[in-house]
Amino acid sequence: RGLENHSSDSITRKRLLERAAGRRVVLKEQSTQRTSGVNDPLAIASVSILNSRLAKERAALNGERDAEDASHIQEGAIEFSSMTRCETSPDVLRLQNLNI
């Protein structure tokens with residue numbers, strides 16, 4: 001999205017804390033396995049997946065919003081184009097000998 005850098009400091013701080021917590025959970029599981037002599041990559045993956053669920057849900061929601069925004073922009077561009085009879089497709093420009 002590229003807009004994360006423009007969010008408020010509190011949101012940025014919260015996301016950094018969430019990421020750090022996710023790393024700690026994974027490292028703790030690795031440490032527990034190491035001390036008990038267990039090697040279970042699926043357990044490590046599971047704690048990581050559970051901890052990153054919120055970020056995935058937020059990303060999905062942002063994606064849905066972006067798709068809706070893009071659809072509205074596209075609809076507006078089509079409407080504007082039909083109102084102004086502006087045709088700027090590559091085929092039309094080639095027909096007018098205006099190579100792009």
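Here are some friendly notes on the structure above, which is a predicted model.

1. **Overall make-up.** The protein chain has 3 helices and 0 strands, and from the N terminus on its elements run α-α-α. If you are finding your way around, helix 1 covers 9-36 and helix 2 covers 41-84, while helix 3 takes in residues 90-95.

2. **Confidence.** How far does the predictor trust its own model? The mean pLDDT of the protein chain is 79, with 68% of the residues at 70 or more. Confidence is highest in helix 1, at a mean of 90, and lowest in helix 3, at 59. Please keep those two values in mind as you look at each helix.

3. **Surface and burial.** Of the 100 residues in the protein chain, 8% count as buried. The accessible surface comes to about 8500 Å², and carbon and sulfur atoms account for 57% of that area.

4. **Helix 1.** This helix has 28 residues and reaches 40 Å from its first C-alpha to its last, which is close to the 40 Å expected at 1.5 Å a residue. Which residues of helix 1 are buried? They are G22, V26 and Q33. Just after helix 1 comes G37, with a positive phi of about 75°.

5. **A look at V25.** V25 is also found in helix 1. Is V25 buried, partly exposed or exposed? Its relative accessible area is 30%, so V25 counts as partly exposed, since that class lies between the 20% limit for buried and the 50% limit for exposed. V25 and I44 are 19 residues apart along the chain, and their C-alpha atoms are separated by 8.7 Å.

6. **The largest pocket.** About 310 Å³ of space lies in the largest pocket. Its lining is made up of 15 residues, and R15, E18, R19, A55 and R58 lie nearest the centre. Which element gives the largest share? That is helix 2, with 8 residues.

7. Sorted by class, the residues lining the largest pocket are 6 charged, 5 polar and 4 nonpolar. Among the residues nearest the pocket centre you can pick out R15, E18 and A55 in the view above.

Terms used. Residues are numbered from 1 along each chain as its sequence is written. This is a predicted model: local features need pLDDT of at least 70, side-chain atom pairs count only at pLDDT 80 or more; totals for chains, interfaces and linings use all residues. Side-chain values use heavy atoms; hydrogens and water are left out. On a 1 Å grid over the protein atoms alone, a cavity is a set of points where a 1.4 Å probe fits but cannot get out, and a pocket is an open set with protein on both sides within 12 Å along at least five of seven lines; lining residues have an atom within 4 Å of a point. Grid points are joined across faces, edges and corners, and a volume is the space filled by probe spheres set on the points. Helices (H or I, at least four residues) and strands (E, at least two) are DSSP runs, numbered from the N terminus. Ala, Val, Leu, Ile, Met, Phe, Trp, Tyr, Cys and Pro count as nonpolar, Asp, Glu, Lys and Arg as charged, and the others, Gly among them, as polar. The expected span of a helix is 1.5 Å times one less than its number of residues. Buried means under 20% relative accessible area, exposed over 50%, partly exposed in between (1.4 Å probe, protein chains only). Accessible areas come from the Shrake-Rupley method with a 1.4 Å probe; for residues, only the protein chains shown count as cover. pLDDT is the predictor's confidence in each residue, from 0 to 100.
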